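Colleague: I'm new to this one, could you walk me through it before I start clicking around?
Modeller: Gladly; here it is, and then just ask away.

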Amino acid sequence: MTTLPTTALGSAGPVVGIQGLGCMGMSEFYGPTDTAEALATLDAALELGVTLFDTADVYGSGHNEELIGPFVRANRDRVVLATKFAIERRADDPAYRGVRNDPAYIRTAVEASLRRLGVETIDVYYMHRRDPRVPLAESVGAMAELVQAGKVRHLGLSEVTGDELREAHAVHPIAALQSEWSVFSRDVEHTAVPAAAELGVAFVPYSPLGRGFLTGAFTAAEQLSEGDYRRSHPQFSGANAERNAQLVAPIQKIAAERGVSAAQVALAWVHQRAEVHGLTVVPIPGTRKRSRLAENTAAATLKLTATELVELEPVAGQVTGDRYADMTFTSAGRE
């Protein structure tokens, strides 16, 4: 059993395994979950050298933080805990999603997350989405106060542009930028990735497997269970899905030639962005199964050849459909 190599999360951030674990699907969004298997996956991840565990207050409306809390507390000296604020939900309206970055909300959100997790300090606290109506300096200033108060160790941002990252970093050092990045989704390379490299900010790609699409887990939204939020994604619906499914072919070809899985090829591509762009890259593929976890972590040390990288280069440019039905709160939506 191979233990993952480690790296620093940003120039002054914590040391973590070079691949983390996204915990979102253990609570919501991707259909039914086997809770016992999900919890066993957390323990298995730690044994493989995964130390960065990623959650958010919005996942299951707090359920995900409560779910992983006992695991975090039992392994507090080994776990680097990341959670997020900003996406607001309402109990009386399950479909509601709002975005709040105001300081009062941030102070309330962190206390709620600490309580659900049962810890005194969050290692990396992310602003999950940016609300342009609130000055960034106000939001990051409030987050910086949490560091001074000992409630948070390091700050992160998600789905911000390069200019927004620079502006935030000038207020308080940002350890990590988390945004979608995969063979299918490369809009972050326009401004966010260069800014992160320039500032010494680590990049934490979420959905590096295209929410399962790149692995062949499904080829169209209609195959997913009712309530699976991927059914609302334009890339996975109708003619878009039909066209995009064909774009997975180069990944599958390389996987067959190398005797590895499509997931491992897709993850290896993301890991090698570190060399291409000169920055730390720590992807956080999400899984609820130990078998998938072992497969994913093995990809961290898989190196694609120059020829294979050339084969994968044009894929993202041929993808049809946006990655969200509403791109307003993504970095691409503000560039």
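Colleague: Let's begin with contacts: what share of those in the chain between residues at least 6 apart in sequence join residues at least 24 apart?
Modeller: That share is 75%, where a contact means heavy atoms within 4.5 Å. Bear in mind that this is a predicted model, in which local features need pLDDT of at least 70 and side-chain atom pairs count only at pLDDT 80 or more, while totals for chains, interfaces and linings use all residues. Residues are numbered from 1 along each chain as its sequence is written, and side-chain values use heavy atoms, with hydrogens and water left out.

Colleague: OK, and how many helices and strands are there in the chain?
Modeller: The chain has 13 helices and 11 strands, both being DSSP runs numbered from the N terminus (helices are H or I with at least four residues, strands E with at least two). With a radius of gyration of 19 Å, close to the 20 Å that the globule rule gives for 335 residues, the chain is as compact as a globular protein of that length; the radius is taken over C-alpha atoms, and the rule is 2.2 Å times the number of residues to the power 0.38.

Colleague: How much of the chain counts as buried?
Modeller: Of its 335 residues, 58% do, with buried meaning under 20% relative accessible area, exposed over 50% and partly exposed in between (1.4 Å probe, protein chains only).

Colleague: Switching topic, which residues line the largest cavity?
Modeller: The lining consists of E180, F184, S185, G210, R211, Q235 and F236, around a space of about 40 Å³. On a 1 Å grid over the protein atoms alone, a cavity is a set of points where a 1.4 Å probe fits but cannot get out, whereas a pocket is an open set with protein on both sides within 12 Å along at least five of seven lines; lining residues have an atom within 4 Å of a point. A volume is the space filled by probe spheres set on the points, which are joined across faces, edges and corners.

Colleague: And which residues lie nearest the centre of the second largest pocket?
Modeller: Those are F184, S185, R186, D187 and A316, out of 14 lining residues, and the pocket holds about 250 Å³ of space.

Colleague: Last one: where does A86 lie?
Modeller: A86 is in the loop between β5 (80–85) and β6 (87–90), and its phi is positive, near 130°, although A86 is not a glycine. A86 is also buried, at a relative accessible area of 0%.
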